[in-house]
Amino acid sequence: MDRQSGTAPAVLPVEPRLWLLVVSLAIAALAVMAASIDGPFLFDDVALIQGNHNVHGFEHWTEWFTKSLWDTNYDPSAIRESRGFWRPIVLVSYAFDWWVGGGAPIAFHITNLLVHALNAVLLFFILIGWVKGRLAAFFGALLFAVHPVQTEPVAWIAGRTDSFCVLGLLVALLGLRRCSGRHWSGLALLAIGLVVAFGSKEAAVVFPVLAAIEVWAWQPGPLDARAARRVLRRSWPFVAISVIYFATHRLLVNASSPLPRLNAFNAVPLALEAWGRYAALLLWPDDLTLGRAMVRVEREAIVAHPAYMALGAVTLLVVLASVWRFRRTQPAAGLGLLSFGAMLLPVSGILWLGYYILVSPRFLYMPLIGLALALAAMLSTRAGRHPSVRFACFGLLTLFAGRAFVRGSDFSSEEAFWRREISANERYPAAQQFLISRELNAGRPRYALRLAHGWFQLAEAGDGSEIGTASLIRSTVAAVLALTPDVDRQSLRAVQAFTATLARAQPSELELPRLGLNLRVAANSQLLNRIANDRRQFLIMSGEAASRIGDDAAAVQAVESALDGCSDCWTVLVTSALLLARAGELDRAIELAERAVRYGPPGARLAYTLDSVRQAAAWKSRPTTGTSTLSQVGFHSTLGSFGRAFAIAHPAIEHLTNDTASVHAIGELAFRAGDVNTSRDLLGRILPAPAVDERLAELSRTVRWFEQPSAPGEWVPD
């Protein structure tokens, strides 16, 4: 109480101790994101970490600095070489976490959490130099720490590119600050920070924006021409660094785009739409999914959303008007808003790489530094220091923290994550791809094919979904192969011709009335160009179809083409080993299977494949006197080519008498090959009718072309 007036003071008289604010900020940053700490590898994590042998140790460290982030041995497609992401620092962190945690995802999550908390604390110290008052700086850093848009780059392991980049930028800013005080240790911090930032994400080119704010803060004053000249005179070296990096990156890194060519007519509407979506996401962070806002492509042309364009235009005008209003009275707030807009531009994948995701929460991780400065500057004014204002601000940040915690829980399980993604945006290709792959792995190819049909209908509606059609065509063919028994040689030949033609980047068509399927890829289409990125995958599927009908020459040719330049791609090696083994090239098949086990992730089906190839070799080496047919049947059955095994055993059916074991074995083999009628007839010779039905029902749960039921309580999308 004021001793003279007896009224409460209008502002807080003292501020909390520095250490208390630092500890509170770190705890808040960790607590709101903690729900994801026991989450699995999700989405890109699988290709970049779990299935990437290059980060399972330190022996491949040179490749981290000479290849792109996506140049892994998991994805054998050409797209891995066309994503222009040079991020060696991130790869170093992956290898370190894999070594510390033995490949467990929790080690990666702990690193993400600690880096985010460190960023919040570093930003707090940066803001103290930019605004007046520790408590105001604390609230600004708290906004950065708990806003729900920060969940994605923290809870999702692969999202760490943003948090690592910001870590480097903040360290560089502290180094720049020490340089201003003639502390030469600042040069070391500045250099280390820039290396970490530029080695983590291309968006580090925004450092001149942050450096300009730091330079302004050395002699704060109105935002006028004089201040601009002073800032530019001292920050031009960082502009030069960013320009040189940008030019070098564009020259050396191949960055193709799945989008039609951008130009002034479609880039500006997209930018306005992005601004509108960002504004909505910041003020009302409800939909925080990865694929919440994709670029819409209709008839090979980019189309922007009118409502979000209007909101973006309004937001831009409000920001510019606020900056003009604050240029003299609250220049720090104006700089915060200006820097927010400036940092949004390079993190947009559209402008940098032609990325088809227009807006994603992780794109706001870095620009939120600008909003943190704007909030801290406003709270440092006399009106902003009033207890009621700060109490209201704290209440809003508490609501944000609760939303962030709930969103973080989505990353705690694969089902929760993808369920949220598909429920929010059924047109997100990655979500559809996951669901189809899950159904295939669960033995439900017919349902997987139905999901693919639904996607194609969305694409035909002309709403932009065709961007993801290329990868889903591959999944559709995989479903067709799973649904086609070996005895259906006509369908297998059609699949072989279709995939082989696509692998040559030529138009093709697959029509299978039995499955209600008619896939058509026209000439001179964007779709055909995108399919070319998956050339190796289509080659392997072509080889699989050829092998199942006994065309070993075509299968071997497909394998050789797929392996060319991809000798460590375990997803190709594992299938190639089976195809070569069926063709009789057992020594090389064993070599490929062993290489797949070496380069592939633990727990995959690689060891099973190696064991199958070795067992097939054992069948091949058995004495053939009087048992040649049995050896060949056992050989192909071991390798999963039941159609070929049944074709070898079929002539023996006429000579079967009372050999119960032989009748039973050939009857089951007929079922696995797809000849259900022959299987029923053979088993009927030795079993009563009810027992035959029971046995066939048991067999149906072990063959890939038979639809398996979903487990009780398992989530299956509509």
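**Cysteines**

I began with Cys393, which counts as buried because its relative accessibility is 11%; buried means under 20% relative accessible area, exposed over 50%, and partly exposed in between (1.4 Å probe, protein chains only). A note on the source: this is a predicted model, where local features need pLDDT of at least 70 and side-chain atom pairs count only at pLDDT 80 or more, while totals for chains, interfaces and linings use all residues. Residues are numbered from 1 along each chain as its sequence is written, and side-chain values use heavy atoms, with hydrogens and water left out.

Next I asked how many disulfides there are. Taking a disulfide as a pair of cysteine sulfur atoms within 2.5 Å, I get one. Cys566 is joined to Cys569, with 1.8 Å from S to S. The link of Cys566 and Cys569 is left-handed, with -105° about the S-S bond. I found both Cys566 and Cys569 buried. Cys179 is in no disulfide, and the nearest cysteine sulfur, that of Cys165, is 19 Å away. With a relative accessible area of 23%, Cys179 is partly exposed.

**Cores**

I then turned to nonpolar cores, meaning sets of buried Ala, Val, Leu, Ile, Met, Phe, Trp, Tyr and Cys residues joined through side-chain atoms within 4.5 Å. The largest has 204 residues, and Tyr94, Trp130 and Ile473 have the most contacts inside it. Helix α5 (residues 105–130) gives the most to this core, with 12 residues; helices here are DSSP runs (H or I, at least four residues), strands likewise (E, at least two), numbered from the N terminus. Another core of 11 residues lies apart from it, with Val633 and Phe646 among them.

I listed the neighbours of Ile473 too, with contact meaning heavy atoms within 4.5 Å. Leaving out residues up to four places away in sequence, Ile473 touches partners including Phe456, Phe498, Leu519 and Phe538.

**Whole chain**

I counted 33 helices and six strands in the protein chain. Of its 718 residues, 55% are buried. Among contacts with a separation of 6 or more, 71% come from residues 24 or more positions apart. The C-alpha atoms fill a box of roughly 115 × 55 × 50 Å along the principal axes.

**Helix α1**

Last, I checked Ile27, which lies in helix α1 (residues 18–33). Is Ile27 buried or exposed? Ile27 counts as exposed, because its relative accessibility is 53%.
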